[in-house]
Amino acid sequence: MLSYIANLNERIKEMKSYKFFLLTLLFFSTSAQAFTVDHNFLVSIGAFDAAKVNFSYTLNAKDYNINSQVTTNGFFNTLYPFTARYDTSGDIFNDKLISRDYHYTSQSRFKNRSKQVFFDDTGHPISQVVVSNSHKKNREFSPAPAPADTFDLQTIMMKIAYQYNQLGFCNSEMTVYDGKRLFNVTVTDYGSEELAISDNSPYHGTAQRCSLQISKNLNDDDDTLWEFAANKSIDFLIMRDKTSNRPFIARVKIKDTPLGELNAYATDIKIEE
């Protein structure tokens, strides 16, 4: 019985990271004109309601700011109550996105955790502070051994979004430096796909399918978003808002998880110019 509970806890821990990855959905809607997008998502894993995700971001000609939050829902909230929030901000210069601040906080039944990363003028990480249940750990980063496009996963997604908004496709490759090592991010555009009508979402019809793959060995101090995204194939189905023509994520799919397929359904999207 104890081994079953331990195994279930490990699976639930993995599920929380699946839910939180939905925060990255917002980054597929970008433009030089100032606007704000607010998303709400409902996440299911197999037969279970898993989480609710809300995130908003504001993009201007010179900078961007992102606020995201996930909360476990239904069965998952009973077994493993969990909330997490990411805040990322940065500058845009000559079509390059430069990280300036990255802050992560999470709370579960037994652990409170936070992580803040500090950057130099070029957007490369120089140090971080991680706090876990009042235990504080400081870390200085070594200089990147080779040029890298970015540091954090949220800025990766923003870069993909920036390209998609300008060119209409998401094929891309990036090099990322996490303060310890370089690794690769590949995004593949598979063209159009029909989204069927679902009771979970009002959005259906023709969408663009983009698949994200990150090859990364995890570090001990990686946050939940990295824990989720590393070494998995994640499909994003992108549609455009009929009024503003802004692209947004209508659904996310991950075929293989310990508890079945993950689906994240957009339930409500608000766009303000």
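Predicted model: local features only at pLDDT ≥ 70, side-chain atom pairs only at ≥ 80, totals over all residues.

Guide: Residues are numbered from 1 along each chain as its sequence is written, and side-chain values use heavy atoms, with hydrogens and water left out.

Visitor: Over how many bridges do strand β1 and strand β14 pair?
Guide: Helices (H or I, at least four residues) and strands (E, at least two) are DSSP runs, numbered from the N terminus, and two strands pair if DSSP finds at least two bridges between them. Strand β1 covers residues 35-45 and strand β14 covers residues 262-272. Ile-45 has Leu-262 of β14 as its bridge partner. The two strands run antiparallel, and their bridges number 10.

Visitor: Which residue in β14 is the bridge partner of Arg-251?
Guide: Strand β13 (residues 247-254) also pairs with β14, in the antiparallel sense over four bridges. For Arg-251, the bridge partner in β14 is Tyr-265.

Visitor: Which residues are linked with Arg-209 in a network of salt bridges?
Guide: A salt bridge here is a side-chain nitrogen of Lys or Arg within 4 Å of a carboxyl oxygen of Asp or Glu, and the structure holds seven. Glu-193 and Arg-209 form one, with their closest N and O atoms 3.0 Å apart; this pair links strand β10 (residues 182-195) to strand β11 (residues 205-215), across 16 residues. Asp-235 also meets Arg-209, at 3.2 Å from N to O, and since Asp-235 lies in strand β12 (residues 233-240), the pair ties together parts that are 26 residues apart in sequence. The residues networked with Arg-209 are Glu-193, Asp-235 and Lys-253.

Visitor: Is Asp-235 buried or exposed?
Guide: Buried means under 20% relative accessible area, exposed over 50%, and partly exposed in between (1.4 Å probe, protein chains only). Glu-193, at 24%, is partly exposed, and Arg-209, at 22%, is partly exposed too. Asp-235 has 11% relative accessibility, so it counts as buried.

Visitor: What is the handedness of the disulfide of Cys-170 and Cys-210?
Guide: The structure holds one disulfide, meaning a pair of cysteine sulfur atoms within 2.5 Å; the sulfur atoms of Cys-170 and Cys-210 are 1.8 Å apart. Cys-170 sits in the loop between α3 and β9 (172-177) and Cys-210 in strand β11, 40 residues apart. Both cysteines are buried. The torsion about their S-S bond is about -105 degrees, so the disulfide is left-handed.
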